Amino acid sequence: MGGPAPSGGCHLPVETTSFVDRRDEQATGRELLAKARLVTLTGPGGVGKTRLATHIAARVARAFPDGVRHVALAGLRDPELVPLAAADALGLHDHSARPPLDALVARLRDRRLLLVVDNCEHLLAACAGLAAALLHGTTAVRVLATSRHRLGLTEEHLLEVRPLVVPDPDDDLSAPGSHPALALFADRAAAVLPGFRLTPANRAAVARLCRRLDGLPLAIELAAVRMRVLGLDQLLGRLDDRYRLLTAGSPAALPRHQTLRAAVDWSHELCTGPERSAWARLSVLAGGFDLETAEAVCHDLRPPDVLEAVAGLVDKSVLTREEAPAGGAARYRLLDTLRQYGLDRLRERPGEEAAARLRHLNRVQEHADACEAAWFGPGQRETVARLRADQDNLRAALDFSLATPGRAHAGLRLAGTLWFYWHACGAPREGRYWLDRALDANPEPTPERARALWASALLAGSPEDLTRGLRRAREARALAERLGDPAEAAHADYVIGVVQLFADDLPAARAHFETTVARGPVPGQHLSLHGLDLVELACAHAFLGGAERAVAVCERALRLCEAHGEEWVRSYVLRILALAHAVRADWRRAEPHAREALRRKLDVHDVIGIGLTLDLLARIADALGGAERTAVLLGGADRVWSDIDRDRWGSTALNSARRACEEHARAALGPDGFEAAYGRGGASALEEIVAYALDERPPEPRTRPEPGTAPVRLTRRETEVAELVAEGLGNQQIADRLVIARRTAEGHVERILGKLGFRNRSQIAAWVTARR
């Protein structure tokens, strides 16, 4: 679904305002990351930790061939979601039944990437657990965290982010570029008062104002916005009056948290009544939101007044405007510090927070209903992007409903409505988490429980979870039949057949789907699941050698999709159509269908579908005699599957076809040639390998030479380490064997990876074997 690719690239928040350089802190941060695997930026709210972390990460991105990822935690409250949020940010789509943290570590064991974990202070234990697991369970993952408090790990290196240095107003201010606090004020003031700049006449006043604000960037930005209506002297005078009032004449230096509170208080008092009301109610929203959501939450204001209030809060820098998702409306966000302030204000009014959260829950449910109803039709790409952007709000609504007495049934309904999001958009583990919570909280026999049962079963993908999934799907069908709900019974029927197909019970799956397809769609059945009935029947026919029957079923399914302008199910139909042509060895007809399927799957970021289709294209390339192309596609497919399930759910059909392709390509290219081509595919980002599969461009290493192609000279010690890696030894075992520190062994491995242009230890092992 429009999330990050599973390899490579720098995925950091888009900045909407300029960044006033912190050269010293950036340099220190880069130096710390070069020698430590966990660096935490600490400091008070509003000091600029997130912005600094983003810039440090961007500057060091080239050192991490597997990419830089940003995990935003400000909108999370449940510590169990921390590893799931990290996996989501990394583009991992784990289907296993293992604990989330264990699954995450297993996926990242040999990756060389940087994880930016932002806003840890309210989830310290969970964030410390995440960092510790990554440090101890992977070889080259590094963590850059931001928090008001340290995580408390022995491996942690701290970088205190201090407020901006403010010069003495009476000093020489003739070089304003060397004073970042003054530059920040001038930049933000110019945004609301075009033409404003620092001059010899105003520099001292700006310096006095920044000093009064303790150099806190957020406080400076909030004050600068007032330049729209006040002159600089007026602004400074009013600020001085306010601080004298707050400190009751005390000569003591104002604590920084009180400084920020004073700046936010002042901004709040300068808001209009509707703006204050909107600020308070919008604080229940986690993450970004659009105007329609704002209107739903701000029930006491008319829609035109909400628009006016939102515009006013944007003007005052209380709200920031975000980049809209593809084809979507403008979105807004409250900085976490300002959201907490708004919540404090809202809680001053008994019952208002719960009422606002209930209105938010209702709005999320209405939107989920609309998305589900429209899912089998055009606009799926935009729906995916919108739901992705709303992810924090989906989580907040689910958490509120399931944690609030009397609201658990609403959580069950919402989690079940989102089945297509969890399934189609690659979020199976999180979907299972919410569905399991909702089912535990709602044991009563209801249609919503029947739906949650089959939706949970649909998200089973690992061999160890299929038995549980089949049991739940059958329970869902029995419950739906007892309640007289034929639509939910039909939905459960689809899932029962899918589990049989995954479990390699092909004859039973074919018989099952022949029955459901012959029955046709029942009233209320979602057309996506009826379309998938056809897909799975065709798949079973193809795997059992019935190519002609598979093609006939696919053509029927294509007509259904075309009639509704549907793309997601259509991508699966095209893949099975390609598979059917492959079964009868009609490779020239199979390839264009597979490519078209791949193109459509990328549109909605269906990662599982992309992995399946790359496998099929590798098989086609093998049959057409393209050994090098086969190896490249296998490398790319394996990299995609490594973010889902390396064993392809234990499927005999999938794994046997993949092994046959590798054997043929390896025999044609030789071990060294195969590893070089395979490594190119494995080193490609998702979009790159898809472009290669579509013949749009070859996969090329972005910053490093192709594995094994450039002349490489390892030192004697590096050669020893490489040999031990090839023997399968871990870093601690290498350290013990060579009588060196574990960190020294880690450093040798990282340098070997860098010299060879490799991404993981298995590539080192293959390189050593080839040289032998």
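# Questions on a predicted model

Reader: Which helices each supply at least two residues of the lining of the second largest cavity?

Author: In this predicted model, the helices in question are α3 (82-89), α4 (100-108) and α20 (428-441).

Reader: How much space lies in the second largest cavity, and which residues are closest to its centre?

Author: The second largest cavity holds about 160 Å³ of space. Its lining has 16 residues, and those closest to the centre are Leu84, Ala87, Asp88, Leu92 and Arg429.

Reader: What makes residues of this lining count as nonpolar, polar or charged?

Author: The class follows from the residue type: Leu and Ala count as nonpolar, whereas Asp and Arg count as charged. On that basis the lining of the second largest cavity has nine nonpolar, two polar and five charged residues.

Reader: How many cavities does a search of the whole structure find, and what is the volume of the largest?

Author: The search finds five cavities of 30 Å³ or more. The largest share, five residues, comes from α25. By class, the lining of the largest cavity has 24 nonpolar, five polar and four charged residues.

Reader: Why is the pair of Glu156 and Arg150 called a salt bridge?

Author: The N to O distance between the two side chains is 3.4 Å. The cut-off is 4 Å, so the pair of Glu156 and Arg150 qualifies as a salt bridge. The structure holds 57 salt bridges.

Reader: Which parts of the chain does the salt bridge between Arg363 and Asp290 link?

Author: The closest N and O atoms of Arg363 and Asp290 are 4.0 Å apart. This pair links distant parts of the chain, with Arg363 in helix α15 (residues 352-374) and Asp290 in strand β7 (residues 289-290), 73 residues apart. Both Arg363 and Asp290 are buried.

Reader: What makes the salt bridge of Arg451 and Glu488 a tie between parts of the chain?

Author: The side chains of Arg451 and Glu488 meet at 3.0 Å, N to O. Arg451 belongs to helix α21 (residues 447-458) and Glu488 to helix α23 (residues 486-502), so the pair ties together parts that are 37 residues apart in sequence. Arg451 has a relative accessible area of 14%, and Glu488 has 8%. Both values are under 20%, so both residues count as buried. Elsewhere, salt bridges that share partners join Asp615, Asp638, Arg648, Arg658, Glu662, Arg666 and Glu675 into one network.

Reader: Why is the pair of Tyr433 and Trp434 called edge-to-face?

Author: The structure holds 12 aromatic pairs. In the pair of Tyr433 and Trp434, the rings are 5.0 Å apart, centre to centre, with 70° between the planes. The centres lie within 6.5 Å and the angle is over 60 degrees, so the pair is edge-to-face. Tyr433 and Trp434 are both buried. Ring pairs also link Trp375, Trp419, Phe420, Trp454, Trp568 and Tyr572 into a cluster.

Reader: How do you know that Trp422 is buried, and which residues does it contact?

Author: Trp422, which lies in helix α19, has a relative accessibility of 2%. That is under 20%, so Trp422 is buried. Apart from neighbours within four places in sequence, Trp422 is in contact with Leu398, Ala415, Ala427, Pro428, Glu430, Gly431, Trp434, Leu435 and Leu459.

Reader: What makes His360 count as buried?

Author: His360, placed in helix α15, has a relative accessibility of 3%. Under 20% means buried, so His360 belongs to that class. Not counting residues up to four places away in sequence, His360 touches Val284, Leu285, Thr293, Val297, Asn393, Ala396 and Ala397.

Definitions and conventions: Residues numbered from 1 in each chain as written. Predicted model: local features only at pLDDT ≥ 70, side-chain atom pairs only at ≥ 80, totals over all residues. Heavy atoms only, no water. Helix = DSSP H or I, 4+ residues; strand = E, 2+ residues; numbered from the N terminus. Buried < 20%, exposed > 50% of the residue type's maximum accessible area, 1.4 Å probe, protein only. Contact = heavy atoms within 4.5 Å. 1 Å grid on protein atoms, 1.4 Å probe; cavity = no way out; pocket = protein on both sides within 12 Å on 5 of 7 lines; lining within 4 Å. Points joined across faces, edges and corners; volume = space filled by probe spheres on them. Phe/Tyr/Trp six-rings, centres within 6.5 Å; stacked < 30°, edge-to-face > 60°.
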